[in-house]
Amino acid sequence: MRIVVALGGNALLRRGEPMTADNQRANVKIAAEQIAKVAPGNELVIAHGNGPQVGLLALQGAAYDKVTPYPLDVLGAETEGMIGYMIEQEMGNLLPFEVPFATILTQVEVDAKDPAFQNPTKPIGPVYSKEDAEALAKEKGWSIAPDGDKFRRVVASPRPKRIFEIRPVKWLLEKGTVVICAGGGGIPTMYDESGKKLSGVEAVIDKDLCSSLLAQELGADVLIIATDVDAAYVDWGKPTQKAIAQAHPDELERLGFAAGSMGPKVQAAMEFARNTGKDAVIGSLENIVAITEGKSGTRVSTRKAGIEYR
């Protein structure tokens with residue numbers, strides 16, 4: 001099968017964990033051990049989040065006031081290289097030497113008229129107390145929003161329109177390469193009014209929505225959205241919570257999911273299923289083999305009406 005795996009941010013850095021290189025590498029190693037299990041005999045593409053890493057680089061850049069801080073598109077490119085390097089190395093330590101790897105810096109087009117630019121929602125960087133977040137927002141002109149019992153900086157998150165490097169990704173897959181691409185939703189870019197000049201933009205594209213577009217354009221057989229829970233749930237956190245085993249996109253759309261957590265993952269899964277007729281699965285990274293076998297996770301499919309719980 002041609003498999004696209006979208007790694008959640010928790011696969012790289014756990015909530016509240018210090019953003020050290022050692023911590024990130026340790027988490028990447030754990031993720032690689034799971035993903036490597038489904039690599040043999042399949043074509044594999046890995047996408048990943050980068051919110052904490054972009055936020056850290058932004059803070060580091062702001063601390064050096066002798067130059068203007070680098071914009072988010074440049075920081076996104078930096079994190080794609082950094083995280084791709086770690087994934088390549090840890091996967092390479094597990095798979096046969098003959099398996100080639102490639103990390104592709106991935107530019108993704110967004111629309112200048114996207115309403116997301118007027119309503120920042122995408123969290124980046126570390127979590128703060130309410131008082132610290134408000135002070136930083138005042139000092140740096142940030143937008144902030146609640147994240148659980150903490151607060152984080154939020155930026156615009158426009159929808160992905162086109163992935164520019166889709167052809168080289170296909171070429172690499174045809175040669176048996178494990179490809180790491182579309183990190184952090186890709187590098188956000190847009191054309192000017194003439195439609196001829198492309199440039200970066202201060203935004204962060206949602207990783208799951210971009211992974212869905214990536215999987216569609218690659219003709220993937222399955223999109224796996226790997227997170228830290230074993231399925232999508234209704235009534236999450238309540239005594240009445242139930243795990244969804246399988247659902248038609250129309251049923252999921254009626255339920256509604258939180259925009260800051262499961263919402264983008266469900267939206268990404270619905271779009272892939274509707275546009276391709278194939279399955280998307282939301283589930284735990286540690287269950288990835290069972291997910292590919294249809295035995296775990298929330299399977300989103302147009303092939304069967306209704307919704308099933310477990």
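How many salt bridges does the rule find across the interface of domain 1 and domain 2? The rule finds 1 salt bridge there. The points below cover the two domains and the interface between them.

1. The model is predicted. The domain assignment divides the protein chain into domain 1, made of 2-113 + 158-309, and domain 2, which covers 121-155. The C-alpha centres of domain 1 and domain 2 are 23 Å apart.

2. On the side of domain 1, 16 residues are in contact with domain 2, and 16 residues of domain 2 take part in turn. The size of an interface is often given as the accessible area lost when the parts come together. For domain 1 and domain 2 the buried area is about 950 Å². Carbon and sulfur atoms give 64% of that area.

3. Three residues, Arg15, Leu59 and Val204, supply 46% of the area that domain 1 buries against domain 2.

4. Lysine 122 and aspartate 206 form a salt bridge through their side chains, at 3.0 Å from N to O. As for polar contact, the rule finds 1 residue pair across the interface of domain 1 and domain 2, with both residues at pLDDT 80 or more.

5. Helix α2 (residues 51-63) contributes 8 residues to the side of domain 1 that touches domain 2, the largest share. By residue class, this side of domain 1 has 10 nonpolar, 2 polar and 4 charged residues.

Notes: Residues numbered from 1 in each chain as written. Predicted model: local features only at pLDDT ≥ 70, side-chain atom pairs only at ≥ 80, totals over all residues. Heavy atoms only, no water. Domains from an automatic or database assignment. Contact = heavy atoms within 4.5 Å. Buried area = accessible area lost by both parts, 1.4 Å probe. Salt bridge = Lys/Arg side-chain N within 4 Å of Asp/Glu carboxyl O. Polar contact = N/O pair within 3.5 Å; in protein donor to acceptor, adjacent residues only side chain to side chain. Helix = DSSP H or I, 4+ residues; strand = E, 2+ residues; numbered from the N terminus. Nonpolar A, V, L, I, M, F, W, Y, C, P; charged D, E, K, R; others polar.
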